[in-house]
Amino acid sequence: MRPPETAPVRRDCAPVGGNPTSVRHNRASLWCNGAPSQRNGAPSQCNGAPLWRNGAPSQCNGAPLQARLVVAFLIAAGPAGLGAQVMNQMAHHADSARRLSLGIMAVGVASRATPGALGTDVTEGYLTQPMLFAGAQTRNRRLQALATINFEGLTLARGEINLGVYGEGFSDRRHPHTYAHELMLGALGSSGFGTQGSLFAGKGFVPFGSDDPMTRPFVKYPVNHHHAQILERVLVVGALHARGVSLEAARFNGDEPEHPKDWPNSTRALDSWTARLTIKPREGLEFSGSAARLISPEFAAGGGLDQNKHSATARFVRARGPLRYALVEWARTQETRTARTFFEFSSVLAEGQAAVGPWRLSLRLERTERPEEDRLTNPYRSARPLLDFSILGVTRWDVVTMHADTPAARWRWFSATPFVEGAWLRPRALARPTAIDPEVFFGASRLWMLSAGVRMHGGDMRTRFGRYGAALVPAR
Amino acid sequence: MARLSLGALVVASLSLSACNGSDSPADPSDLGTTPDPVTIQTLVVTGRGTITDRYSAEVWARGNHAYTTTWGGRGNPQVPGNTIYIWDVRAAPTLVDSVVVPDVRIGSPVRTLGDVQVSDDGKLLVVPTEPSPGSIEIYDLTDPVKPRNLARFTSPNITRGVHTCELQRINGTLYAFLSVNNSATHPSRLMIVDLSNPAMPTEVMFRDMGNPFIHDVFVRDGLLFTALWNDGMVIWDIGGGGKGGTLQNPIEIGRLVTKDGEVHNIWWFHNPVSAEKKYAFVGQEGPGTVLSASVGDIHVVDISNPALPREVAFFTVPGAGTHNFSMDEARGLLYAAYYNGGVQVLDVRGDLGSCTAAQKAADGRCDLRRMNRLVATGLLGQNPSVFVWGVFFAGDAVYASDMNNGIWKLAPVTR
């Protein structure tokens, strides 16, 4: 049994999500937007991996204000009626902050793509990644519930300009995620010999690949999102952790969401599997390898091509020093049927974040291959599911992205972090002749994306997305 | 005899080594040119009509004219595949006119006309449209150079577009058999439309089928063959099968999932010389990359007993996959569009299900290549490279629609 953390909570959580933001400190790195387990040099050692920690009184006392702002946010962006439910939760939160947690985030961003599809520059702005987080756990922390509601279906109906990104019928725009982004319920246990186990079920993140991009330093997603993460699936995931090694395995539905209101097809329940092994040699450093077999992700009704996915990652996080975060990952997606592989797409990505005074500077280098699909009249949309399973080509994207976060402005439980982000992209057709030559399609061989905006966080934040229960237990 | 056996052995070993090789497409100049003891002819190109602003799709010919359709969007700005090209083919194909199919939904241009057919009496030309909301477009061919739009058929039951459309006359009435894409609101389905009054097409029936979709049909002698992808080929009685089936209520007679499924198109061969109706040829379309790579074999299915069809033979081209067929039935020649493999011509007379051990694949099926059934190839080694969507045998010529380049006119095999 590890001693409970006693170090005082600082208000500058080390940023992995890119911005030093004031949030509730979490011993299990689950709710703080940063690397709280290492803050102040006091490793967080929470047996049972609680969801969050009851923070400083000044933070807890912010509940009524949180409630007001959350409700205001939901009224502005979400369906009517939800606000009242949140208000009730917030009231409960004030009574037992150890058991309930709420947080919100959103990014107001203006972006310019030069050029976009068909050579036309795109300048637009929106609220991206608007989300509401909620969590609950029993006093002994053996039972946990997590919920993430994503409002991109309201704010990003046409998708977010994000050259290179593809998936779910969008190309060069990031698709909106489903409203029910994550609804998980789980139990944790301990053997008493340093072994911890958990079993979670619900809709959420599949244990595969690297952390979801929304908890990483950049606002724009990498091209490899659909190679390196699997999310929004109904799953049952078990995890074991012992001596800095964790093993996760899950069954889940293979079908990708088809629109923000979509739910996984009941006929596809648990037809796919994944496993991930993570080795944590010391605090803040981890290596993981994962494999997954997805059944017919593109044809929701089934019968489409299957996918074999593999991923290897190395991740480093610390609260001090110039280098705060680094990730190197390799991912590969093979599209198969009856033991035959028809298409293969690979990705290599390296990214990191450095602290320069109060600023956070991030750099991402990526080389990812993606399929080209038959575009519709809207050049950012593609036929889905694909007719006859044919693709129009394979494009390799070389992308360099730089991101800078300014110091956050804070007001009690809320923080706002201005940022600027720029990307240089070079797409090249790998197979010729090709029905989509990016140089023709974009009218340029080199593309640029510039973005600026404000990342907003409030309340309890999650450090990582994609791991549950025992898979979140610190190294030792 | 010894020389023949040695030759067969060499062919077999070359074929095997090709099959066991890389999945990557072969050099087009190598496609289908495995040396056989029997000389493989090269189809002579007698003309070419160039279309490079749109991708070409299917081809049909009648009399002095050929019609090609178009697929997807091409170029920047994207030019949609909403056009029917009309060719004078008395000599080399000469483009004489074109018809742009208007939007089915205002502001949402038609993207693909994946099929085209002229009715048996030459009076009508019909094309299906994709994507959503989908339709079939019916044209009067009184003037074959100036198709006149008679009607558009659309329906809430075809919301994601019509992929293929086959015309067949049954008991004197012309029908269109539509292979309808699956959509969020309905699964893939077969729909039959009555064209007895082409200005007022009427829906006869639809039935959901296909895994994940129905791609094409073949209708002959009161039997309906449906290409249901991974559900294989299904034979239905629609009046000629003796099971009581009708157009309104087709009754299944038999089905077969050919090796690896992906059943794309079918041709039931009637041999006018022997009166044999034993074989159906099934085209398999595996996942490909448009213009550069394709995969899929021709499967030979013995339907002597249509209730128990069985696959007896196959034909494969290393590095390429088959697409649509046409036949010179009198000569027993199957013309197969083969995308980056150009055009491949097979001799399909006689017994295709009996072969020597050396001519068999490991799974027991006869390999038409090892049986020296490949008699000709066409359009290999062209520059720019070809990607042949469809072929049409017109008696004195064979027309090939090439997605990349337009239309080719070839001299047929005349043995």
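In the complex, 36 residues of chain A are in contact with 38 residues of chain B, contact meaning heavy atoms within 4.5 Å. The model is predicted: local features need pLDDT of at least 70, side-chain atom pairs count only at pLDDT 80 or more, and totals for chains, interfaces and linings use all residues. Residues are numbered from 1 along each chain as its sequence is written, chains are lettered from A and ligands numbered from 1 in the order in which they are written, and side-chain values use heavy atoms, with hydrogens and water left out.

The two chains bury about 2,700 Å² between them. Buried area is the accessible area (1.4 Å probe) that two parts lose on being put together, summed over both. Carbon and sulfur atoms carry 53% of the area buried between chain A and chain B. On the side of chain A, the most area is lost to chain B by Leu387(A), Asp388(A) and Pro433(A). Together these residues account for 22% of what that side buries.

The rule finds 13 residue pairs in polar contact between chain A and chain B, both residues at pLDDT 80 or more. A polar contact is a pair of N or O atoms within 3.5 Å; within protein, one must be able to donate a hydrogen and the other to accept it, and residues adjacent in sequence count only if both atoms are side-chain atoms. Two elements of chain A, β14 (340-356) and α6 (438-442), each supply at least two residues of the side that touches chain B. Helices (H or I, at least four residues) and strands (E, at least two) are DSSP runs, numbered from the N terminus. β14(A) gives the most to this side, with four residues. By class, the side of chain A that touches chain B has 19 nonpolar, 10 polar and seven charged residues. Here Ala, Val, Leu, Ile, Met, Phe, Trp, Tyr, Cys and Pro count as nonpolar, Asp, Glu, Lys and Arg as charged, and the others, Gly among them, as polar.

Four salt bridges are counted between chain A and chain B. A salt bridge is a side-chain nitrogen of Lys or Arg within 4 Å of a carboxyl oxygen of Asp or Glu. Glu262(B) pairs in this way with Arg340(A), with the closest N and O atoms 3.0 Å apart. Side chains of opposite charge can pair when their charged atoms come close.

Over all chains, the structure holds 47 salt bridges. Within chain A, Asp271(A) bridges to Arg268(A), the closest N and O atoms being 2.6 Å apart. Arg268(A) is buried, at 4% relative accessible area. Buried means under 20% relative accessible area, exposed over 50%, and partly exposed in between (1.4 Å probe, protein chains only). A further salt bridge joins Arg464(A) to Glu286(A), again with a closest N to O distance of 2.6 Å. This pair links distant parts of the chain, 178 residues apart. Arg464(A) lies in the segment after β19 (447-459), and Glu286(A) in strand β11 (residues 285-294) of chain A. Both partners are buried: Arg464(A) has a relative accessible area of 8%, and Glu286(A) one of 6%.

In chain B, the side chains of Arg349(B) and Asp347(B) meet in a salt bridge of 3.0 Å, N to O. Arg349(B) is partly exposed, with 38% relative accessible area, whereas Asp347(B) is buried at 12%. In chain A, shared partners join Asp211(A), Glu248(A), Arg276(A), Glu286(A), Arg315(A), Arg464(A) and Arg467(A) into one salt-bridge network.

Chain A contains six helices and 19 strands. Of its 476 residues, 63% are buried. Among contacts in chain A with a separation of 6 or more, 66% are between residues 24 or more positions apart.

Glu152(A) lies in helix α4 (residues 152-155) of chain A. Glu152(A) is buried, at 0% relative accessibility. A polar contact of 2.7 Å joins its side chain to that of Arg174(A). Beyond four places in sequence, Glu152(A) is in contact with residues including Thr128(A), Pro130(A) and His175(A).

Glu137(B) is placed in strand β11 (residues 135-140) of chain B. Glu137(B) is buried, with a relative accessible area of 1%. The side chains of Glu137(B) and Arg152(B) make a polar contact of 2.5 Å. Residues up to four places away aside, Glu137(B) touches Val101(B), Leu125(B) and Asn149(B), among others.
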